[in-house]
Structures are given as structure tokens and as C-alpha cells.
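Here are a few notes to read with the model open beside you. Have a look at it first, then go through the points in any order.

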Amino acid sequence: MTQTALETRTLDVPGATLTYDVRGPLPTADGAPPLLMVGQPMDATGFGTLASFFPDRTVVTYDPRGLGRSVRHDGVQTQTPEQQADDLHRLIGALGVGPVDLLGSSGGAVTALCLVATHPADVGLLVAHEPPLRAILPDAEQATAAWRRVQETYAERGWGWGMAGFIALTSWQGEIPADFGTVPTDPAAFGLPTDDDGSRDDPLLSGVAEAITAYRPDVAALTAAPTRVVVAAGIESKGTMTWRTSEALAAQLGQELVVFPSNHGGFLGGEFGQIGQPEAFATRLREVLATG
């Protein structure tokens with residue numbers, strides 16, 4: 001497989017400087033739209049392996065503001081879908097070749113849904129992979145209460161305990177029990193540290209991205225947009241919270257959930273110590289993109 005040269009660029013936006021990577025020519029050599037890959041709280045490093053399976057496409061990845069290499073100048077830490085969607089709108093404008101094809105993963109899928117709702121001309125095809133839209137679950141109240149307990153445990157005991165609670169919650173099959181998390185999950189069960197290093201700035205557990213998981217998609221705007229929106233989830237996630245949120249969103253949009261190989265991070269090839277099925281994931285993504 002031929003590796004495509006990577007060019008790193010920056011873009012000044014209100015309150016931040018975004019850093020993004022371009023693999024391939026702009027404008028694209030064959031006129032095909034660039035493929036933009038977006039995560040949250042994951043930055044661009046998580047898409048390295050997946051991007052390598054698209055040497056024939058111009059692939060763009062970026063670090064959301066305040067994450068990775070993208071520096072905030074606005075003095076705040078909170079992340080919102082609306083602000084990140086505005087950042088993406090400006091980034092796509094800077095590319096000068098919209099509309100793009102977009103793969104949104106996790107919180108990045110939430111941002112992408114907000115982008116399509118607010119700037120529908122920016123995206124031709126969106127693959128929203130396992131957006132954690134807790135508010136649209138039938139058991140949203142229990143899920144929210146459980147998530148609050150995870151955050152409280154993190155605040156009281158530190159990263160290992162908070163992450164253990166997060167893993168337990170996101171791997172739970174089916175509706176969330178009302179008392180979930182009242183007894184904290186032991187980090188040792190997942191090989192996580194039990195000691196507290198005193199830090200409370202984890203972008204996942206600290207609450208700075210609360211607006212992302214609490215977001216309610218604008219179904220009317222998504223339905224009216226010219227963008228083809230595809231909601232997807234990994235087969236190994238079946239029954240878990242992000243499978244269920246994806247299933248709920250697909251139903252709201254009047255479509256069938258599109259199944260991908262592997263799990264929530266199925267595109268990972270060793271980034272963050274996690275290995276999914278990136279080649280199979282890329283093959284499935286190509287199939288979906290080809291139908292756009």
C-alpha cells in the first residue's frame with residue numbers, strides 16, 4: 001500500500017487555532033470530494049491507520065479545538081457541538097473544495113450531525129458512526145443518572161475509577177438500570193490504576209464535553225438537508241449504549257442502521273493501544289461512500 005504524503009496546516013478561527021492534516025492533493029486529482037474524518041474527544045492521531053487504507057482519496061483529519069495540537073485562545077474549556085460545527089464549517093471553507101464526504105466517530109459524529117443541520121451545503125455524504133446521543137434513548141433518564149455517577153466518581157477518586165465506571169457503563173447491554181453506578185467499579189478489573197494522581201482535566205470524564213452527549217439532533221433539518229446521512233454502528237457494539245443511540249437516531253430519520261465491522265473504535269490499528277478491524281472497516285466505508 002502506497003502511503004500518501006501528509007501536510008499539516010493551521011487555521012485561525014474565533015477563539016482558537018485549528019491544526020489539521022491533508023493527505024493528497026487539493027483540489028483532488030479526480031474531482032472526488034475530500035474525505036474528512038472527525039472524532040471527539042479523539043484527535044487526528046486516531047485516524048492514522050484508517051487513512052492509510054484510502055491512498056486514492058484526499059483525506060483530511062483535524063484536532064478539535066482544545067484537543068491535541070489545536071490551541072484555544074478563548075479562555076474556556078467547554079466543548080459544544082455548535083461551536084465545533086462552526087469550526088468544521090470554517091475548515092471546509094478553507095479547503096475550498098466542498099462539499100466533502102465525512103466520517104464522524106463518537107462525539108465527532110455528533111458534531112457532524114450539527115454541521116449538517118446548520119450548514120447542509122458543506123457535506124455531501126455523512127457517515128455518523130456510533131454518536132453517543134444519550135438524550136434520545138428511551139431510558140435517557142437512567143442513562144444520564146448513571147453518567148452523572150461516573151463523573152462524580154472521577155471527581156472523588158480520580159482517573160482510574162472514573163474510567164472504570166465509563167467502561168462499565170458503555171459496555172452495558174440493554175437499558176441502564178436505575179441504580180447503575182451506585183457502587184463504583186473497581187479499576188483493577190480493567191487493569192487501570194487505583195491511585196489518584198490529582199488531575200481532573202480528562203476531556204471525556206471532566207464534564208467539559210457534556211453538551212455533546214446531551215445533544216438532540218435536529219431531525220427536521222437533517223431530513224431536509226441535501227446531505228445523505230448514514231447512521232452506522234459496529235456489530236460488536238450491539239446492545240451497548242452507542243449501538244442503541246445509533247439505532248434510535250436511524251429510526252428517527254426513517255432509515256435502517258448500517259452495520260460496520262468491529263466495535264466503537266473499529267477503525268483503530270493500534271492507536272491508543274486499541275486494535276479494531278481497520279481494513280475491514282475501510283472496506284465497509286468504501287461500500288457506503290460508493291452508494292452516495
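1. A reminder before the details: this is a predicted model.

2. Start with α9, which runs over residues 278-290. With 13 residues at 1.5 Å each, the helix should span 18 Å, and its end C-alpha atoms are 18 Å apart, so the length agrees with expectation.

3. Now look at which way α9 faces. Its buried residues are P278, F281, A282, L285, V288 and L289. Viewed down the axis of α9, these fall within an arc of 120°, so they line one face of the helix. On the other side of α9 you'll find E279 and A290, which are exposed.

4. What does that buried set pack against? The partners are the strands β3 (35-38), β6 (100-105), β7 (123-129), β8 (228-234) and β9 (258-260), plus the helix α1 (48-52).

5. Next, the pair α2 (residues 81-95) and α3 (residues 107-118): their axes come within 8 Å and cross at roughly 70°. Angles of 65 to 115 degrees count as roughly perpendicular, and α2 and α3 are therefore roughly perpendicular to each other. α2 passes α3 in a right-handed crossing. On the α2 side the contact is made by P81, E82, Q84, A85, L88, H89 and I92, and on the α3 side by V110, T111, C114, L115 and T118.

6. Last, is D63 buried or exposed? This residue of strand β4 (residues 59-63) has 2% relative accessibility, so D63 counts as buried. Setting aside neighbours within four places in sequence, D63 is in contact with L18, T19, D43, A44, G68, R69 and S70.

Conventions
Residues numbered from 1 in each chain as written. Predicted model: local features only at pLDDT ≥ 70, side-chain atom pairs only at ≥ 80, totals over all residues. Heavy atoms only, no water. Helix = DSSP H or I, 4+ residues; strand = E, 2+ residues; numbered from the N terminus. Expected span 1.5 Å × (residues − 1). Buried < 20%, exposed > 50% of the residue type's maximum accessible area, 1.4 Å probe, protein only. Arc of directions from axis to C-beta. Contact = heavy atoms within 4.5 Å. Axes fitted to C-alpha atoms, helices over the stretch in contact; angles between N-to-C directions. Parallel < 35°, antiparallel > 145°, perpendicular 65-115°, else oblique. Left-handed = near helix turned anticlockwise from the far one by under 90°.
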